[in-house]
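I would ask you to look at the structure as it comes up, and I shall then take you through one part of it.

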Amino acid sequence: MIEIKQLHKSFGRNHVLRGIDLELGHSGITAVLGPNASGKTTLIKSILGMVIPDSGSILIDGKSVWGEWQYRDQIDYLPQIARFPENLRVRELLDMLKSLRIRRAREQDLIDYFDIRDTLDQRLGHLSGGTRQKVNLVAAFMYDNPLMILDEPSAGLDPLAIQRLKSVIFREKGNGKQILITTHIMSLVEELADEVVFLLEGRIHFRGTLSRLRALYGEEDVEACIARMLDQNQPKIQVEA
């Protein structure tokens, strides 16, 4: 379980997180949504220990993450932009990542499932964006950890790869994992998410199920609900006749 209490973070004069309170259970899929600069990435990086908040607390299974690093070994993370040395071959990258953890990896099935076996001896810098994302997915899913954080996991994928990605996510949910997803693809949210956390200007503006979101904004389409939510929070321009 993740418990976040009164989390604040500023970068200079830019107050990015403004008192985030959030509890996430042991299993299920939570979509963390919001417009650009809403605080999504800062929240995720705070959970991962990559950003140190100004105040507040983050507890995982009842233990504070401040000053700790061992808890990260229980998290699988897919960054929005994974930056690895481009001269590395795919096989070398996966071997390097396996060397960082004692636990047995399960990459072989994923290599076949995402159809990257023919690219194992190619350098990362020679791969297309979609193929590189498949490599990133194999790296993210190859350990069996209780918490997964997936930042824009469908970026650059073709329709078949997206379907396979969704199947893997559902499989991991069925195994009792807690999965956080950020995405701008609302159809992915509709298919995957058990609940939505919507950030706006560093605060949680909405949290609940998709059915509650639809009921609140009177729209069946999640994208239309989000658009209405944002429109209600935009200043209105008075136009003189």
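The buried residues of helix 7 are covered by several elements, including helix 6 (186-192), strand 9 (195-200), strand 10 (203-208) and helix 8. Please bear in mind that this is a predicted model.

Which residues of helix 7 are buried? They are Leu210, Leu213 and Tyr217. These residues span an arc of only 60° around the axis, and therefore they lie on the same side of helix 7. On the face turned away from that buried side, helix 7 carries the exposed residues Ala215 and Leu216.

I turn now to the partner that follows in the chain. As for handedness, the crossing in which helix 7 passes helix 8 is left-handed.

Which residues make this contact? From helix 7 come Leu210, Leu213, Arg214 and Tyr217. Helix 8 contributes Val222, Cys225, Ile226, Arg228, Met229 and Gln232. Sorted by class, the contact between helix 7 and helix 8 consists of seven nonpolar residues, one polar residue and two charged residues. I would draw your attention to Leu210, Leu213 and Tyr217, which are buried residues of helix 7 and also meet helix 8.

Next, a word on the backbone. Just after helix 7, Gly218 adopts a positive phi of about 65°.

Elsewhere in the chain, two further residues deserve mention. Ala37 is not a glycine, yet it has a positive phi of about 65°. Where is Ala37 placed? Ala37 sits in the loop between strand 3 (28-33) and helix 1 (40-47). Is Ala37 buried or exposed? Its relative accessibility is 78%, so Ala37 counts as exposed.

The other residue is Asp115, which likewise is not a glycine and has a positive phi, here of about 60°. Asp115 belongs to the loop between helix 3 (107-113) and helix 4 (129-141). With a relative accessibility of 55%, Asp115 counts as exposed, because the cut-off for that class is over 50%.

Thank you for your attention.

Conventions
Residues numbered from 1 in each chain as written. Predicted model: local features only at pLDDT ≥ 70, side-chain atom pairs only at ≥ 80, totals over all residues. Heavy atoms only, no water. Left-handed = near helix turned anticlockwise from the far one by under 90°. Helix = DSSP H or I, 4+ residues; strand = E, 2+ residues; numbered from the N terminus. Contact = heavy atoms within 4.5 Å. Nonpolar A, V, L, I, M, F, W, Y, C, P; charged D, E, K, R; others polar. Buried < 20%, exposed > 50% of the residue type's maximum accessible area, 1.4 Å probe, protein only. Arc of directions from axis to C-beta.
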